[in-house]
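Have a look at the structure first, then read on.

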Amino acid sequence: MKSASDLQDEIARLQRELAKLRGMGSASRAEELPVVEMLMRNTQRRHVAEAELADAHAWMELAQEVGGVAAYRMDITENRLWWSQSVFALYGFDPAAGEPTIDLWLSAIHPDDRVNVEHMARMAIETGAPIDHQFRIIRPSDGTHRWVHDRGRIECDATGKPLRLHGVNIDMTAMRQVQEALAASEEQYRGTFEHANVGVAHVSVDGRFLRANGYLCKLLGRAESELQAVTFQDITHPDDLGSDLDLLLQLMDGKIPSYTLEKRYVRPDGTLVWSDLSVALIRNDEGIPLHFVSVITDIQQRKQAQDLVKLVLDEANHRVKNLLSVVGAIVKSSARSAGSVKQFEEAVSLRLKGIAASHDLLMGKSVDGGDLAQLIRRQLEIFTACVIERVIMDGPPLQLCPRAVHAFGMVLHELATNACKYGALANERGEVHIDWSISAEREALHFVWREVGGPEIKMAGPQGFGSKALTRMLAGSLGGKVTHQLLPAGCVFEADLPLGNLLDRS
């Protein structure tokens, strides 16, 4: 389609040709054609040219009206302005108001843009530079605002002197509204993307991170630039990668619309984070995959809670078995030391009450703190009333908070049970040495349980639940470092615990 400038050039050419034809009416060419025939032909050609000129004018006006384009021309030497009918419609001017003027045009320019518009026009006239800028107008007919894109070029004479300015004004209001709406939508999307309380990422079809929000970067321990340098395959736990890729291929093949998966990511420091992953695939209009949208939720705490529930259930099962063993040991021990049935009954009854108190402690029903030495005696006398002299304790007074009492009670219960069943208290000569000390410099408690003189320990197969739980009970509740060794000479349990997590501050 011809531009407004091209149409103006075509109109000017037709006007020149029409003038030429009109001037030929008085010329004599008798030697070639009769004068009448020549005049008839010239008249016919003039009519054709006039029709073409009118058609070109109509075509230009229609093109300007449909395209929201208004043409103008300025005679620089005479400071006169001409514009098409579309200018009146665009600017809201009254066509009957008279000839267009520069002052009339400037009066419609938005006050905030007028200085810049005048500067652009002056620079074009003075230097011959093309005009290409946008500004706002206020239509006098209805007071509405419109955005106008002004494009123009300077026509110079043979010496380079500017003669005329040819240009068009394009109504950009609708496009600006679309651009502003898109910008607002993009801003809203960006805000949602960045401030979502879940991880959000765009991932290419080959697994590269294209974009990631701040939540995901924090969750995975990597800046966005670091994520963009790896693929999701690189940071997925190997045990979870196969399931993820299988579901991704089904999504690519169109067999499923989306998928969710619980998986582990590997942080740069090697730690794992459990996440709930939801993935959808974005395709273009032709169905070609463009990229994945991944929503990643942190479920680390939920997984830890599930592990804790499993630990508690396993522990409960383990405690029931231990309790039966302890009751059996109490009956046997009481039977050996009792002088009568009544003494036997009293001894068994007393120890069962001690077990009940210990059970309350282990279940967290004890809300009071207590001294560490008293806690040790309270727990061990349930199992070792007849051999309490074989338990040697040494350590300073230490008042524990309720949480520490509960954690230590569980550990002492487990250690005492094992000592009675397999360790130093399972024969007649073994001993348990319990020592603890406080380091003011490190602000830590060092606790040691050491068994000597008991049956030789022979490890057979993997450690059971009780042995594994021992290393988790104190460290999991109170922090610090815990070790549990089953040596041939006996069990050795050591713990270094932060003092601040143990003390009863009341």
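## Around helix H5

Just after H5, Gly 128 takes a positive phi of about 80°. Helices here are DSSP runs of H or I with at least four residues, strands are E runs of at least two, and both are numbered from the N terminus. This is a predicted model, in which local features need pLDDT of at least 70, side-chain atom pairs count only at pLDDT 80 or more, and totals for chains, interfaces and linings use all residues. Residues are numbered from 1 along each chain as its sequence is written, and side-chain values use heavy atoms, leaving out hydrogens and water.

Which residues of H5 are buried? They are Asp 113, Val 117 and Ala 124, where buried means under 20% relative accessible area and exposed over 50%, with partly exposed in between (1.4 Å probe, protein chains only). The face turned away from the buried side of H5 carries the exposed Pro 111, Val 115, Glu 126 and Thr 127.

## The largest nonpolar core

A nonpolar core is a set of buried Ala, Val, Leu, Ile, Met, Phe, Trp, Tyr and Cys residues joined through side-chain atoms within 4.5 Å. The largest one has 35 residues, and Phe 408, Phe 447, Trp 449 and Leu 474 have the most contacts inside it. H13 gives the most to this core, with nine residues. Of the 20 residues in H13, 15 are buried.

Leu 474 touches residues including Phe 408, Val 411 and Phe 493, leaving aside those up to four places away in sequence; contact means heavy atoms within 4.5 Å.
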